[in-house]
Amino acid sequence: MHVSDVGANPALSTSDHPRPALLLSTAVGGCLAPPGFTLASQASNVTVMSSPALADHHASITADLADHGYAVVDDCDTETAEHIARQLGSVRTDWQTLIPKPEDAAQPWTLSQRYGLGQFPWHIDGAVSSTPPRLFVLHCSTMSDAVEPTELLDFAHETSRPIARLLSKVVLQAKDRMGRTKYLPAILYSDGKPMLRWDPRTCKVARREWQQVAEIIEATPPTSDVAWQPGRVAFIDNRRNLHRRPPIKAAGTRKLRRLYVY
């Protein structure tokens, strides 16, 4: 198998990516496209809601998740973000704090322990779990100037379909932190929607003839990204998108909090 077998998957600029139609703001008539965030349309497709209505309009967030694989909310605190998350599904964990760290300062069994401040590989969260989280929620509480975005690779996007077809034939050898091994499909479909499982750290391609798929995925550019600013929250479909963090310029430049929804 050669890389050319996958077909063209051109790099897209952020302005070329389909963007969520929803942008929520505490200010009535707030900015439709804040700095660092490009909307697919800046006209009638954009919904701007005031803070009092925020938690009661999860249908719009659900629509963006279905259409784009993620939704973004601005000027939102963690209490409101968790309230919305609980409307979207079952929340079984507390907020976790994510701060970039070098390898020697990172917690065991984390991507930071393996990759430090370097670029993370494309992955989903909970890849070794029998039931990975359906969504994950990221809230930006503090940051310095020009921090790195969270990049997304949407497997419902037309440019990802050739790779999705390859993944449908791939079986992964997944190993958890206890050293237990199980074999799991890299992608399944439910009602025509992709359900991904991918993390090069814990899930290896089981058959040698398919190992080049990992190289192809790592070479694939993002279909979209979330540029961070304080108070911004992203609701991301964990089973549809791979995500990654670009290389960090300096430790501690951003602080994100994460919540899982099942």
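How many of the 262 residues of the protein count as buried? The share is 48%. Keep in mind while reading that this is a predicted model.

## Overview

Let us start with the chain as a whole. Its secondary structure comes to six helices and 14 strands. Among contacts between residues at least 6 apart in sequence, 79% join residues at least 24 apart. The accessible surface of the protein is about 12,300 Å², and carbon and sulfur atoms account for 50% of that area.

## The nonpolar cores

The largest nonpolar core holds 25 residues. Those with the most contacts inside this core are F155, L167, V170, W198, I217 and L242. Two or more residues each come from helix 5 (161-167), strand 6 (171-175), strand 10 (203-205) and helix 6 (212-218). Helix 5 gives the largest share, four residues.

F155 makes a handy landmark here. Setting aside neighbours within four places in sequence, F155 is in contact with S160, I163, A164, L167, I187, P194, L196, R240 and L242. Two of these partners, L167 and L242, are themselves listed with F155 among the residues that have the most contacts inside the core.

A second, separate core has 17 residues, including A71, A85, V137 and V233.

Next come two serines. S160 sits in the loop between strand 5 (150-154) and helix 5. Is S160 buried or exposed? Its relative accessibility is 1%, so S160 counts as buried, the cut-off being under 20%. Beyond residues up to four places away in sequence, S160 touches L153, D154, F155 and T223.

S224 belongs to strand 11 (residues 224-226). This serine is buried too, because its relative accessibility is 3%. S224 and E151 are 73 residues apart along the chain, yet their C-alpha atoms are separated by 6.2 Å.

## The loop between helix 4 and strand 4

Two residues of interest share this loop. V128 is placed between helix 4 (111-115) and strand 4 (135-143), and H123 lies in the loop between those elements as well.

V128 has a relative accessible area of 18%, so it counts as buried; the limit for that class is under 20%. Apart from neighbours within four places in sequence, V128 is in contact with A174, K175, D176, K182, L184, R197, T202 and C203.

H123 is buried with a relative accessible area of 4%. Outside the four places on either side in sequence, the contacts of H123 are L111, W198, D199, N241, L242, H243 and R244.

| Pair | Separation in sequence | C-alpha to C-alpha distance |
|---|---|---|
| V128 and R180 | 52 residues | 9.9 Å |
| S224 and E151 | 73 residues | 6.2 Å |
| H123 and N238 | 115 residues | 9.2 Å |

## How helix 2 meets helix 3

Two packed helices are described by the angle between their axes and the distance between the axes. Helix 2 (residues 58-68) and helix 3 (residues 78-88) pack at an angle of about 70 degrees, with their axes 10 Å apart. That angle makes helix 2 roughly perpendicular to helix 3, because the class runs from 65 to 115 degrees. The crossing of helix 2 past helix 3 is right-handed.

Which residues meet where these helices pack? From helix 2 they are H58, I61, T62 and L65, and from helix 3 they are I84, Q87 and L88.

## Two aspartates with positive phi

Backbone torsions are the last stop. D75 has a phi near 55 degrees, a positive value in a residue other than glycine. D75 is found in the loop between strand 2 (70-73) and helix 3. With 41% relative accessibility, D75 counts as partly exposed.

D191 also has a positive phi, about 55 degrees, and is not a glycine. D191 lies in the loop between strand 8 (187-190) and strand 9 (193-196). Is D191 buried or exposed? Its relative accessible area is 77%, so D191 is exposed, given that the class starts over 50%.

Note on methods
Residues are numbered from 1 along each chain as its sequence is written. This is a predicted model: local features need pLDDT of at least 70, side-chain atom pairs count only at pLDDT 80 or more; totals for chains, interfaces and linings use all residues. Side-chain values use heavy atoms; hydrogens and water are left out. A nonpolar core is a set of buried Ala, Val, Leu, Ile, Met, Phe, Trp, Tyr and Cys residues joined through side-chain atoms within 4.5 Å. Buried means under 20% relative accessible area, exposed over 50%, partly exposed in between (1.4 Å probe, protein chains only). Contact means heavy atoms within 4.5 Å. Accessible areas come from the Shrake-Rupley method with a 1.4 Å probe; for residues, only the protein chains shown count as cover. Axes are lines fitted to C-alpha atoms, for helices over the stretch in contact, and angles run from 0 to 180 degrees between N-to-C directions. Angles under 35 degrees count as roughly parallel, over 145 as roughly antiparallel, 65 to 115 as roughly perpendicular and the rest as oblique. A crossing is left-handed if the near helix is turned anticlockwise from the far one by less than a right angle, and right-handed if clockwise.
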